[in-house]
Amino acid sequence: MTGETATHCPYCALQCAMFLTPAPDTGQLTVAPRDFPTNRGGLCQKGWTSAELLTSPERLTTPLIRDGKDAPLREAGWDEALAHVTRRFAELRATRGPDSVAVFGSGGLTNEKAYALGKFARVALGTSQIDYNGRFCMSSAAAAGNRAFGLDRGLPFPATDLDDSEAVVLVGANPAETMPPLMGHFDPARLIVVDPRRTATAQTALDAGGLHLAPTPGTDLALALGLLHVALVEGHLDTPGRVAYRRDRTTGWEAVRKCAARWWPERTERLTGVAAADLRRAAAVLAGARRAHILTGRGAEQHSKGVDTVAAWIDLALALGLPGTPGSGYGCLTGQGNGQGGREHGQKSDQLPGYRHIEDRAGREHLARVWGVREEEIPGAGRSAWELLDALGTQDGPAALLVMGSNPAVSAPRSRRVIERLRGLDFLVVADFVRSETTELADVVLPVAMWAEESGTMTNLEGRVLRRRAAKAPPPGVRTDLEVLHGLAVRLGRSGEEFPPDPAPVFAELRRASAGGVADYAGVEPRLLDDDAPVYWPARSATGAGTRPGGPAAALGTPRLFLDRFAHADGRARFLPVEYREAAELPDAEHPLYATTGRQLEHYQSGAQTRRVPALRAAAPQAYVEVHPDTARRAGLADGEEARVVSRRGTVLARTRYVASMRPDTVFLPFHFPGTGAANVLTNPALDPVSRMPEFKVSAVRLERADANAPKEGE
Amino acid sequence: MSRVQRVVVVGNGMVGSRLSEEVLRRDPLGARVRLTVVGAEPVGGYNRVLLPGLLCGALTEDDVAPGPLGPSHLPDPPVAGEISVHGPFSTGSTVTAVDRAARTVLLADGRRLPYDRLVLATGARAVLPPLPGLHLDAPGTGADDAPTAPTRTGALAHDVTVLRTLADARRLLALAHQACARGARIAVLGGGVLGLEAARALAARGVAVTVVHATPHLMDQQLDPQAGRILSRALRRLGIEQRLGTAAVRWEAGVGLHLADGTVLPAAGLLLCTGARAETTLAETCGLAVGPGGIAVDEALTTSDPAIHALGDCADADPGLVQPGWEQAAVLAARLTGENDTARYLGTPRVTRLKAAGIELTCLGDPFVEDEGTADDGGPEVLRIEDPARDRYAKLVLHGDRVTGAILLGVPDAAAGLVQLYDRGAPAPSDRLALLLGRALPPETADGPEAMPDRAMVCRCNSVTKGVLRSAWHEGAHTPQELAATTRAATGCGGCRTTVEKLAAWLAETAPEVGRTPRPP
């Protein structure tokens with residue numbers, strides 16, 4: 001292939017547009033930013049350097065097999081590897097039933113792959129045991145959004161709507177590091193950033209005269225109710241427009257009003273540590289804006305009360321009349337590249353394509369027709385991500401696992417337990433393009449193509465469907481994920497037509513499968529994507545779809561949801577009554593500090609990709625712990641010294657980083673690093689009762705010098 | 001517990017109703033506890049903390065009524081009546097006696113309720129000063145709106161009230177309306193927390209109000225004289241008149257409040273905020289031990305009778321504030337439901353927060369320490385900032401690095417952080433001044449590019465430091481566009497574009513020899 005290829009960045013959900021151009025002599029791809037409404041020609045360091053990994057000497061180019069638990073991985077041919085995998089899968093199915101084989105997917109997979117993986121699990125393997133790493137990202141906001149609005153789409157409006165917003169509340173989101181070009185859509189003076197840390201985003205707001213509210217970790221639910229209380233008693237909710245909105249477009253306000261009445265500012269202040277005066281200021285700014293947005297990120301979601309926390313912020317948005325009002329709204333900032341599409345097409349244990357619930361009879365029948373199976377052959381709901389990982393290799397749990405596009409040995413909570421469970425499997429298969437902490441535990445490793453070597457579709461954080469285009473062929477010996485699923489399915493006795501190796505027929509089937517569902521792609525015609533036309537789901541049919549001749553592309557499908565009605569049967573949004581409850585684990589004498597985890601600009605997720613890019617590794621080489629200088633000094637730690645961070649679940653070694661703006665009771669660790677620096681060794685797998693989201697954001701730890709007395713053994 | 005325990009709760013105020021909720025949360029179906037609540041007030045469990053909000057019109061009566069439990073705590077499908085407790089729910093009736101031997105309570109309507117455990121949450125009643133003119137001459141008219149202060153001499157006069165219950169709040173509002181209509185004022189006797197909150201709320205409604213306080217400064221239980229003076233000024237600015245250091249001697253209906261200095265404060269109504277005392281009548285009658293602060297209880301909130309518990313304002317365990325009462329409710333609920341048989345109430349750090357719009361006042365611990373030693377000699381460390389022109393006062397007392405007392409007026413940022421340190425007994429940061437001001441010391445000024453060190457990050461999105469930009473400039477990238485193309489600075493979110501422009505201009509100024517054609521020798 002020659003010439004420039006217009007595609008999108010492989011990393012986060014903003015899916016920045018870029019050009020890839022091969023060098024004439026080497027064919028090495030170079031990245032150039034591409035103008036697009038989301039990134040407007042901006043790229044962060046991850047995007048700029050994304051092509052470097054394509055030619056990394058660390059690329060896997062041949063399948064690897066381990067001939068016994070203690071044997072090293074050896075090179076093997078594809079036929080041997082695929083035959084080996086399917087033979088083991090088939091043996092286990094025959095002896096221990098279909099649920100003995102599990103599948104773990106990813107929010108980084110294209111829509112086609114996510115769809116095919118779900119179908120592979122349910123049709124080719126017949127297993128109910130499938131979930132994906134997106135469970136650790138957006139599941140709380142998804143659950144709250146579904147309850148409140150009857151539908152979950154990250155942003156129910158195009159990101160460009162944010163340009164004209166007069167007040168944007170960012171709750172537990174740090175886009176200045178996690179999706180930098182999005183910052184171009186905010187006026188920093190009008191940002192209200194809610195984060196226990198003074199993140200780059202919070203600092204940007206403060207520098208411009210915006211607000212930063214820094215709650216005690218795990219208390220943002222109470223903060224939301226406190227803001228709602230202030231808005232209520234200061235009369236901000238009495239405007240005729242807001243009264244009419246609540247009356248005509250919502251239900252349940254009275255119950256939520258009572259929930260909020262209990263969180264008077266002084267009580268909220270005592271629990272959250274956010275000054276009552278700041279609550280009043282924030283409420284006044286938010287309520288005084290003609291157009292306003294509330295956006296939540298992982299900081300609101302990754303709690304054992306993540307759903308209720310997001311619900312509290314949605315309640316505030318509804319009380320102010322934001323959702324479904326042109327120019328205003330509530331949204332969730334999706335994390336992974338295809339975190340949106342990945343949660344719509346059947347990778348979740350309780351869901352079928354089109355964002356249908358797996359128990360929904362009509363949906364099952366529809367899928368049975370599309371898949372050519374009987375409805376009762378489609379398995380029911382399986383285990384959610386943490387529960388699935390926790391059950392691996394146990395008496396009742398799966399004995400084999402296929403992992404595609406994920407590195408749970410680093411990214412899952414209480415990762416030492418996850419590694420132990422992965423080791424406990426009879427058989428682990430991992431499809432990836434570089435070695436990772438998870439491939440190191442595998443019995444078979446399948447080398448697969450990277451983003452620039454394959455085409456397909458992605459759905460960005462706005463619910464806009466994007467075309468990913470191949471800029472070069474995969475290296476010799478490497479296959480695409482779809483080719484892998486095709487090869488496995490055929491060897492498991494399915495027909496090749498059911499699992500096409502090419503993305504186009506898979507997408508065509510996905511459109512049929514999603515038709516009539518919540519996330520309806522029926523009208524997302526490939527030619528529209530070829531033209532980069534702005535198409536947002538739900539797009540129920542293609543009639544009338546097309547670009548306006550001569551003019552800018554007209555938005556197709558549903559760029560703005562809820563303008564006329566919400567997706568519940570009665571058309572109304574639901575206020576969700578919520579009560580504050582404490583984090584599952586609080587600091588005590590033994591572990592006196594809060595630990596919270598998050599991302600840094602240079603790395604993506606478990607870091608398996610970005611740690612292999614030299615420029616990124618140089619900029620952010622190793623694990624560190626951000627800590628208030630006083631707290632560090634009490635532990636005898638100088639700036640830059642190696643610290644040991646200890647929770648009830650394990651110990652992490654990290655460089656001490658003095659940060660004067662940290663709360664003295666809180667330390668922060670990025671979770672991109674493996675081994676002794678893996679922050680998720682510390683994190684608590686206490687789950688949200690609804691979304692099954694683990695509590696990544698709050699655990700209790702202590703800090704000590706790395707050369708202090710022998711560490712207490714974790715588990 | 002093998003069988004279902006019959007628990008009777010006497011009192012459905014803020015703490016009694018909280019206890020019901022906490023029990024229901026732990027035992028939604030009544031498998032372990034069968035709860036019956038007997039409350040004297042027809043409206044159950046209203047939120048007394050919010051009464052000032054009700055007075056100023058910001059809240060409705062509905063808002064101060066009990067809230068629902070969160071849906072995640074309710075069984076699906078919800079039990080009938082959702083928010084109600086198990087079994088009969090009896091408000092508007094009164095317990096007249098307890099038969100401890102038979103383990104029954106006698107209700108005013110003659111019924112008897114058997115119990116396995118009895119919980120007294122009878123709250124407190126207003127203390128009335130011995131002031132002539134407060135009472136009706138003909139006692140015991142039994143009007144519905146009779147205030148809650150039972151008196152030995154009869155009901156309060158029609159233009160006098162206390163403020164404990166929803167009925168009191170309604171009565172006060174009616175008095176305020178009448179006063180407004182006649183262009184008259186309301187006198188508030190007692191410049192403590194409740195008196196000031198009520199006065200502020202009335203003033204916010206446009207009611208003329210004067211606070212009368214016998215000692216020379218307001219909130220003398222919590223404040224030192226300096227803070228009291230500054231608070232007075234701040235309240236005056238908000239339209240609240242004060243007569244300090246003078247006692248009231250007589251209320252004269254239609255005239256006003258006669259003061260010890262011989263003057264008369266003309267007023268159409270009188271609000272008495274002169275303290276409260278634990279309501280222990282029932283406990284005393286049935287022979288339970290009663291201490292100076294209320295019904296004697298241990299850390300398990302058990303009275304001298306193992307089958308009887310007490311909590312909230314009626315118990316001798318941190319009475320007077322809501323937070324301790326709610327924490328006690330959680331402890332007792334854990335014990336009653338068997339969730340945690342060893343739960344203990346170990347006290348709540350005492351924090352007073354004045355809830356008055358426009359005033360930010362927080363008091364905690366013991367701030368009455370004047371011995372200004374230093375941390376070195378083992379004595380307390382006292383820091384104080386006075387800024388009377390801006391109604392600000394901050395005083396902080398530490399022992400070692402623990403906060404033991406503070407008065408924080410007009411410094412809300414400091415208050416939020418300090419209360420958390422105090423609540424947890426956590427060590428205070430070494431930057432004491434920042435602690436007192438609530439913000440890290442002086443905000444970084446927007447320095448020009450010359451002041452930045454070379455390692456300073458200019459473009460975070462692409463990890464470009466000033467040093468990298470400087471090198472690029474010396475290698476020929478002179479315009480911001482050229483710098484962006486070479487270093488990728490400003491190609492992410494674009495937030496550093498101005499800095500890159502300034503840096504390019506500064507480099508052009510300070511290194512003029514670079515980038516120009518060298519002069520011929």
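How many residues of domain 1 of chain A are in contact with residues of domain 2 of chain A? In this predicted model, local features need pLDDT of at least 70 and side-chain atom pairs count only at pLDDT 80 or more, while totals for chains, interfaces and linings use all residues. Residues are numbered from 1 along each chain as its sequence is written, and chains are lettered from A and ligands numbered from 1 in the order in which they are written.

The domain assignment, whose bounds come from an automatic or database source, divides chain A into domain 1 (5–55), domain 2 (64–136 + 338–503), domain 3 (139–337) and domain 4 (593–705). Between domain 1 and domain 2 of chain A, 16 residues of domain 1 are in contact with 13 residues of domain 2; two residues are in contact if their C-beta atoms, placed from the backbone, lie within 7 Å. On the side of domain 1 of chain A that touches domain 2, strand 1 (5–8) and strand 2 (17–22) of chain A each supply at least two residues. Helices (H or I, at least four residues) and strands (E, at least two) are DSSP runs, numbered from the N terminus. Strand 1 of chain A gives the most to this side of domain 1, with four residues. By class, the side comprises 10 nonpolar, six polar and no charged residues. Here Ala, Val, Leu, Ile, Met, Phe, Trp, Tyr, Cys and Pro count as nonpolar, Asp, Glu, Lys and Arg as charged, and the others, Gly among them, as polar. Taken over C-alpha atoms, the centres of the two domains are separated by 27 Å.

The contact between the chains takes 47 residues from chain A and 41 residues from chain B. On the chain B side, helix 3 (61–64), strand 19 (351–356) and helix 9 (412–424) of chain B give two or more residues. Helix 9 of chain B gives the most, with seven residues. The side of chain B that touches chain A has 19 nonpolar, 15 polar and seven charged residues.

In helix 7 (residues 220–233) of chain A lies A:V230. A:V230 is buried (20 or more other C-beta atoms within 10 Å of its own, placed from the backbone), because 25 other C-beta atoms lie within 10 Å. Leaving aside residues up to four places away in sequence, A:V230 touches A:P265, A:L279, A:R280 and A:A283. In helix 11 of chain A, the buried residues include A:L279, A:R280 and A:A283.

Key. A residue is buried if 20 or more other C-beta atoms lie within 10 Å of its own, exposed if 12 or fewer, and partly exposed in between; C-beta atoms are placed from the backbone.
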